[in-house]
Amino acid sequence: MEADSKPKKSGARLCCVCNQNRAALKRPKTLEQEEIHQVILENQLFKPGERIAIGASGGKDSTVLAYVLSELNRRHNYGLDLFLLSVDEGITGYRDDSLETVKRNELQYGLPLKIVSYKDLYGWTMDEIVKMIGLKNNCTFCGVFRRQALDRGAALLKVDKVATGHNADDIAETVLLNILRGDIASFNSEFINIRFSLWLMLGCQNLNKFSTYAYFKKLDYFSTECIYSPNAYRGFAREFIKDLERIRPRAILDIIKSGEDFRISTTTKMPEQGTCERCGYISSQKWCKACVLLEGLNRGLPKLGIGRNQGLNSDGKKDRKRDSRTPSIESKQCGSLEF
Ligand code: SF4
């Protein structure tokens with residue numbers, strides 16, 4: 001904000017921080033500008049010396065996160081080692097272009113970049129998967145593979161935490177979708193709780209505010225939607241939430257609050273977590289969801305792992321028990337939720 005000796009007089013609301021210029025952003029909850037630094041301190045999200053990977057897709061959410069974290073780290077001496085971590089799904093005309101943006105961000109913010117690709121990790125690109133399975137369920141493959149790819153990238157970078165940037169609209173949709181799918185395991189996992197904490201950093205801005213922030217800061221981001229993003233189910237949830245917001249502007253924040261406060265009865269039986277016998281990844285089944293999907297692809301039976309109750313035992317037969325680690329939070333189009 002530019003310093004000005006006299007407060008400006010106008011009918012518009014002034015910025016609550018400098019009390020001089022017109023406010024550029026309005027926080028829906030308190031109508032004040034988001035204080036991300038305070039949220040980080042209050043929630044003790046980071047410790048000095050930690051290595052943090054920032055999930056970077058080149059989209060506006062992750063670009064804003066990378067900018068804000070690197071800026072706060074410098075300004076407030078957090079003492080963090082920050083990295084950019086990108087996943088290359090192998091989608092020609094989409095991810096190859098967005099990764100060019102991330103490569104520019106690497107130079108702009110001075111953060112080392114690591115890219116992990118589906119081709120290297122799984123032997124398949126999304127282009128090849130879509131060629132085999134068509135445009136139905138492609139986001140399920142992509143979401144499951146991405147979750148694991150991020151974890152594998154984080155292990156390669158030896159980071160303590162992965163920070164992902166999401167806007168409030170997307171989080172509210174995800175909360176609602178988890179309920180609609182009966183996916184209570186997602187609410188109970190530590191993974192989700194950690195993500196909720198991180199979401200808080202940026203999550204109190206809705207979609208338009210993110211765009212506005214990125215615009216005002218002249219951030220370099222990529223805004224094209226994935227060419228394989230059909231996902232009608234999420235689209236319905238989005239429309240429903242938008243309708244609710246029209247009647248009740250707080251609806252989005254209230255849905256997120258409900259997701260954060262969601263508690264499962266101690267008498268509810270939850271799947272036990274172990275490790276995948278094939279790849280060692282976290283799984284409540286003998287094989288993790290990624291290995292099941294991969295087995296289906298490699299055997300030319302791509303429907304093998306589709307459906308929430310289907311998995312494979314180590315002998316390759318179908319197992320009807322639920323894999324609680326199936327990350328429904330990622331199993332969706334990335335135009336709306338990038339990581
Ligand atoms: Fe993957 Fe997202 Fe594209 Fe779906 S929309 S195929 S999850 S990048």
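Asp254 is found in helix α12, residues 251-261; helices here are DSSP runs of H or I with at least four residues, strands are E runs of at least two, and both are numbered from the N terminus. The side chain of Asp254 is joined to that of Arg248 by a polar contact of 2.5 Å. By polar contact I mean a pair of N or O atoms within 3.5 Å, where, within protein, one must be able to donate a hydrogen and the other to accept it, and residues adjacent in sequence count only if both atoms are side-chain atoms. Asp254 also lies 8.5 Å from Ala172, C-alpha to C-alpha, although the two are 82 residues apart in sequence.

A word on the basis of these values. This is a predicted model, in which local features need pLDDT of at least 70 and side-chain atom pairs count only at pLDDT 80 or more, while totals for chains, interfaces and linings use all residues. Residues are numbered from 1 along each chain as its sequence is written, and side-chain values use heavy atoms, with hydrogens and water left out.

The chain as a whole has 13 helices and eight strands. Of its 339 residues, 53% count as buried, that is, under 20% relative accessible area with a 1.4 Å probe and protein chains only; over 50% is exposed, and partly exposed lies in between.

Which residues have the most contacts inside the largest nonpolar core? They are Tyr118, Ile129, Phe141, Phe145 and Leu297, in a core of 38 residues. Such a core is a set of buried Ala, Val, Leu, Ile, Met, Phe, Trp, Tyr and Cys residues joined through side-chain atoms within 4.5 Å. Helix α6 provides the largest share, eight residues. At least three residues come from each of domain 1 (33-168 + 189-228) and domain 2 (273-306), with bounds taken from an automatic or database domain assignment. Leaving aside residues up to four places away in sequence, Phe145 touches, among others, Tyr122, Ala290 and Leu294, contact meaning heavy atoms within 4.5 Å.

Finally, the annotation. An unreviewed UniProt entry places a "binding site" at Gly55, Ala56, Ser57, Asp61, Val87, Gly165 and Asp170; UniProt positions follow the numbering used here, feature names are shortened, and annotations may be inferred rather than shown by experiment. Gly55 sits in strand β1, residues 51-55, and counts as buried because its relative accessibility is 0%. Gly165 is in the loop between β4 (161-163) and α7 (168-180), and its 5% relative accessibility is why Gly165 also counts as buried.
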